[in-house]
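Here's a quick tour for anyone meeting this structure for the first time. Have a look at it below, and then we'll go through the salt bridges, the aromatic rings, the strands and a couple of loop residues.

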Amino acid sequence: MTDTRWRGGALIRPGILAFAGSIGATDTHAHHAAQVMAADTPLTVADEAGARHCGTAIVVPPDTAHRIATGAPTGAVVFLDPDTAAGRAAGHRAHRFGWAGGPPLPAPATVDDGLGALVADVVGALVPDSAPDPPDRHRSVTAALELLPTLVADGPVTTSDLADRVGLSTSRLTHLFSEQVGLPLRRYVLWTRLMIAVTEVGAGRDLTTAAHAAGFADSAHLTRTCRDTFGLPPSALSRTVAWDTTPRR
């Protein structure tokens, strides 16, 4: 991967990684997240068959080999977990309209309002009827969200153990969590690990230290998970990107 031109700011939340700034070229890769790209100048993304998709707005469906052939000096990239409503909508859009087709997406100019606003605009464009988190979240789900950062740092997290801690059956917690948080519990745990690791890397820790702090077995496990999730190693943007890892629930 060529990442020397990737410079800007990034935000990571459970189910979402967003970047804004200079978009560089990449080698061919695939990742589990749906990838939404928008830029002031046309981007070119090549698929596995060599077909080129060009435009100022491109959506790459999840688990699809691709490479950025031509980046842009100013743009935004939003990675969406395909288990979220926005991730599913992004994949559907790419299959229905093609990677460079479909209704307009928010322009990179919205980055001036902050990456949080950009993510909200992208999600709103993909899922027009999306609404903020319900105010009446079940107390056990709230308790689980509060427990998870500490639990994931200690190692593997089992749904049954978490359910016991918050006083629900495993099936009930799994259903409520997915319904009220918008991301299945296992995927939320994975993204929480990635958030902790990114925070550690951003603070100057080496990959081994960051991996252990986030509950990964080692730096290779962390790197493999990052590549599988959004096609980037955890160190790819660490020296050129300012990260926002503020928790949001």
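A salt bridge here is a side-chain nitrogen of Lys or Arg within 4 Å of a carboxyl oxygen of Asp or Glu. Go by that rule and you get four salt bridges. Keep in mind that you're looking at a predicted model.

**Salt bridges**

- Start with Asp-81 and Arg-187, which form a salt bridge whose closest N and O atoms are 2.7 Å apart. That pair links distant parts of the chain: Asp-81 sits in the loop between β6 (72-80) and α1 (85-97), Arg-187 belongs to helix α6, and 106 residues separate them.
- Arg-187 also meets Asp-83 in a salt bridge, at 4.0 Å from N to O. This is another link between distant parts of the chain, with Arg-187 in helix α6 and Asp-83 in the loop between β6 and α1, 104 residues apart.
- Put together, Asp-81, Asp-83 and Arg-187 make up a network of salt bridges.
- Buried or partly exposed: which is Asp-83? Its relative accessibility is 31%, so Asp-83 counts as partly exposed.
- Over in helix α4 (residues 159-166), Arg-165 and Asp-161 lie four residues apart, about one turn of the helix. They form a salt bridge too, with the closest N and O atoms 3.1 Å apart.
- Asp-161 has a relative accessible area of 32%, so it is partly exposed.

**Aromatic rings**

- How many aromatic pairs are there? The count comes to three.
- Take Phe-177 and Tyr-188: their ring centres are 5.2 Å apart and their planes stand at 80°, so this pair is edge-to-face. The two come from distant parts of the chain, Phe-177 from helix α5 (residues 170-181) and Tyr-188 from helix α6 (residues 185-202), 11 residues apart.
- Both Phe-177 and Tyr-188 are buried.
- Trp-191 and Phe-230 pair up as well, in a tilted arrangement with 6.0 Å from centre to centre and 50° between the planes. Here helix α6 supplies Trp-191 and helix α8 (residues 219-230) supplies Phe-230, so the pair links distant parts of the chain, 39 residues apart.
- Trp-191 counts as buried at 0% relative accessibility, and Phe-230 counts as buried at 5%.
- Ring pairs also bring in Phe-79, which joins Trp-191 and Phe-230 in a cluster.

**Strands around β6**

- Why is β6 described as largely enclosed by the rest of the structure? Because seven of its nine residues are buried.
- On the β2 side, β2 and β6 run antiparallel and are joined by seven bridges. If you want a spot to look at, Ala-20 stands opposite Ala-76 in β6.
- β3 pairs with β6 as well, in the antiparallel sense and over six bridges.

**Two loop residues to look up**

- Ala-33 lies in the loop between β2 (16-23) and β3 (34-47). With a relative accessible area of 1%, Ala-33 is buried.
- What does Ala-33 touch, leaving aside its neighbours within four places in sequence? Ala-33 is in contact with Pro-61, Pro-62, Phe-79, Leu-80, Pro-82 and Thr-229.
- One of those contacts, Phe-79, is 46 residues from Ala-33 along the chain, and their C-alpha atoms are separated by 5.6 Å.
- Arg-137 is found in the loop between α2 (115-126) and α3 (139-153). Arg-137 counts as buried, at 17% relative accessibility.
- A polar atom in the side chain of Arg-137 lies 3.5 Å from the backbone oxygen of Gln-180.

Key: Residues are numbered from 1 along each chain as its sequence is written. This is a predicted model: local features need pLDDT of at least 70, side-chain atom pairs count only at pLDDT 80 or more; totals for chains, interfaces and linings use all residues. Side-chain values use heavy atoms; hydrogens and water are left out. Rings of Phe, Tyr and Trp (its six-membered ring) pair if their centres lie within 6.5 Å; planes under 30 degrees apart count as stacked, over 60 as edge-to-face and the rest as tilted. Buried means under 20% relative accessible area, exposed over 50%, partly exposed in between (1.4 Å probe, protein chains only). Contact means heavy atoms within 4.5 Å. A polar contact is a pair of N or O atoms within 3.5 Å; within protein, one must be able to donate a hydrogen and the other to accept it, and residues adjacent in sequence count only if both atoms are side-chain atoms. Two strands pair if DSSP finds at least two bridges between them.
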